[in-house]
Amino acid sequence: MNKIIYNVAWLILTTYTINSCQHSPLEQNKNEKEQIADSITKILSTSLAQNALVSNELILNGNITCDESKIGKVFIPCSGKISDIQLQIGDYVSQGKQLAIVHSAEAAEYNKQLHETDAEIRLAQRELQMKLDLQRSGMSTNKEIEEARERLKVAKAEKIRLRSVANINNFGQLSHAVLTAPISGYIITKNIYNNSYFDYTNNDEPAFEIANLDDVWVIGNVYESDIAKIHQGERVYITTLSYPNEKFTGTIQRVYSIMDTVSKTMKVRILLHNPKGMLKPGMFANIHIQTGNNVSRTSVPEKAIVFENGHQYVVVQDNDKKQKNHYHKQEVKIDHQSNDIVYISQGLKPGKKVVCKNALLIFNALNNQ
């Protein structure tokens with residue numbers, strides 16, 4: 001057994017020695033590099049750099065929101081028990097439609113005061129009439145008549161005040177307040193529920209918010225490098241994920257002059273008309289802004305770009321037929337990117353073949369040479 005192991009070991013050593021004598025270390029290293037190059041090029045694909053016109057277009061990310069000037073907020077005017085809610089978020093309501101009823105002691109108190117004021121007016125009217133009758137017989141003075149008239153005037157003024165408060169708060173004839181829609185639109189917020197008690201002292205949030213979506217806003221984010229390209233009043237168009245084939249035209253209504261300290265962006269607001277109600281609050285949107293004329297650039301697939309230490313490169317296949325699988329890396333400057341195409345302004349001319357599949361592999365191989 002030991003003899004067999006010895007013979008195998010001797011055979012391996014002899015073979016290695018012969019091969020070492022036949023090839024120098026330099027030739028062996030060259031052969032290994034060629035084998036590596038051949039193995040890599042088998043999994044590569046190239047693409048021809050082409051000349052293309054680039055639309056000088058700035059695309060911003062944004063979100064669709066409600067036009068704040070067309071939002072109606074409904075607050076509860078008194079403490080009480082909530083009932084008769086039959087609408088939910090997303091439902092459409094017409095102006096004046098009942099939203100909920102609040103059964104309230106305060107509403108009952110206002111109705112009581114109204115009834116008491118009516119009684120006070122009737123008493124003041126009878127007293128005034130009596131004073132006028134007595135004046136004819138000389139038993140009432142002008143001062144007493146003026147006092148009776150003043151009492152009637154005060155009672156009528158109190159009724160007007162109470163009635164105005166009741167109308168503002170939608171106090172009904174009974175002990176309840178009626179919540180109604182101030183505008184026509186969609187319910188976007190609902191903070192109350194049936195059979196719950198509401199405390200008027202904690203009246204910070206509206207019970208309902210209703211938005212008219214005939215017009216909507218698109219709030220976009222502008223990076224600092226693009227601020228100079230944005231102008232108020234400029235026409236833009238909007239695309240959405242929900243309607244990829246639709247373009248919605250709008251106007252830059254406002255450019256906010258404050259940078260967000262976290263995102264390092266500035267807000268811009270676009271007004272869009274939305275008569276068909278297609279655009280919904282919360283939708284993601286792309287804002288397309290034309291910032292100049294079309295320009296000619298060299299275009300390559302996005303996968304051809306390799307990033308290293310803050311620089312962009314492509315791997316170019318040389319046209320030298322004498323050297324098989326000969327490549328070199330070329331630094332480029334990217335001017336624009338749209339979908340899966342990158343537009344290059346410097347470093348590469350049309351007609352060059354660039355690696356567009358597994359470019360990073362051969363890029364690293366070139367670095368190691």
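How many bridges join strand 3 to strand 16 (residues 284-290), and in which sense do the two strands run? Seven bridges join them, and the two strands run antiparallel. The model shown here is predicted, so local features need pLDDT of at least 70 and side-chain atom pairs count only at pLDDT 80 or more, while totals for chains, interfaces and linings use all residues. Residues are numbered from 1 along each chain as its sequence is written, and side-chain values use heavy atoms, with hydrogens and water left out.

View 1. The barrel runs in the order 3-12-15-14-13-16, with antiparallel pairing. From one strand to the next, the twist averages 40°, where axes are lines fitted to C-alpha atoms (for helices over the stretch in contact) and angles run from 0 to 180 degrees between N-to-C directions. Strands here are DSSP runs of E with at least two residues, and helices are runs of H or I with at least four, numbered from the N terminus; two strands pair if DSSP finds at least two bridges between them. Strands of a sheet pair through backbone hydrogen bonds, either parallel or antiparallel.

View 2. On strand 16, His288 stands opposite Ile59. Strand 3 also pairs with strand 12 in the antiparallel sense, over five bridges, and in that pairing Cys66 stands opposite Val216. Asn63 lies in strand 3 and is partly exposed, with a relative accessible area of 36%, because partly exposed covers the values between buried (under 20%) and exposed (over 50%), found with a 1.4 Å probe on protein chains only. Although Asn63 and Trp217 are 154 residues apart in sequence, their C-alpha atoms are 8.3 Å apart in space.

View 3. Strand 13 (residues 235-240) pairs with strand 14 (residues 248-259) in the antiparallel sense over four bridges, and Val236 stands opposite Gly250 of strand 14. The loop between strand 12 (215-223) and strand 13 holds Ala228, which is exposed at a relative accessible area of 66%. The C-alpha atoms of Ala228 and Thr291 are separated by 9.9 Å, and these residues are 63 apart along the chain.

**View 4. The second largest pocket.** This pocket has a volume of about 320 Å³, and of the 14 residues that line the pocket, the closest to its centre are Glu57, Leu58, Lys229, Asp335 and His336. On a 1 Å grid over the protein atoms alone, a pocket is an open set of points with protein on both sides within 12 Å along at least five of seven lines, whereas a cavity is a set of points where a 1.4 Å probe fits but cannot get out; lining residues have an atom within 4 Å of a point. Grid points are joined across faces, edges and corners, and the volume is the space filled by probe spheres set on the points. Strand 3 (57-66), strand 17 (295-301) and strand 20 (327-338) each supply at least two residues of the lining. The lining divides into four nonpolar, five polar and five charged residues, where Ala, Val, Leu, Ile, Met, Phe, Trp, Tyr, Cys and Pro count as nonpolar, Asp, Glu, Lys and Arg as charged, and the others, Gly among them, as polar.

View 5. Four bridges join strand 4 to strand 11 in an antiparallel run, with Ala211 of strand 11 as the bridge partner of Ile71. Strand 9 and strand 11 (residues 208-211) also pair in the antiparallel sense over four bridges, and here Glu209 of strand 11 is the bridge partner of Thr189. Strand 4 has a covered face, made of Gly72 and Val74, and an uncovered one, made of Ile71 and Lys73.

**View 6. Two loop residues with positive phi.** Most residues other than glycine have a negative phi, and most peptide bonds are trans. Asn195, with phi near 65°, lies in the loop between strand 9 (185-190) and strand 10 (197-198) and counts as exposed at 61% relative accessibility. Lys264, with a positive phi of about 55°, is found in the loop between strand 14 and strand 15 (265-273) and counts as exposed at 52% relative accessibility.
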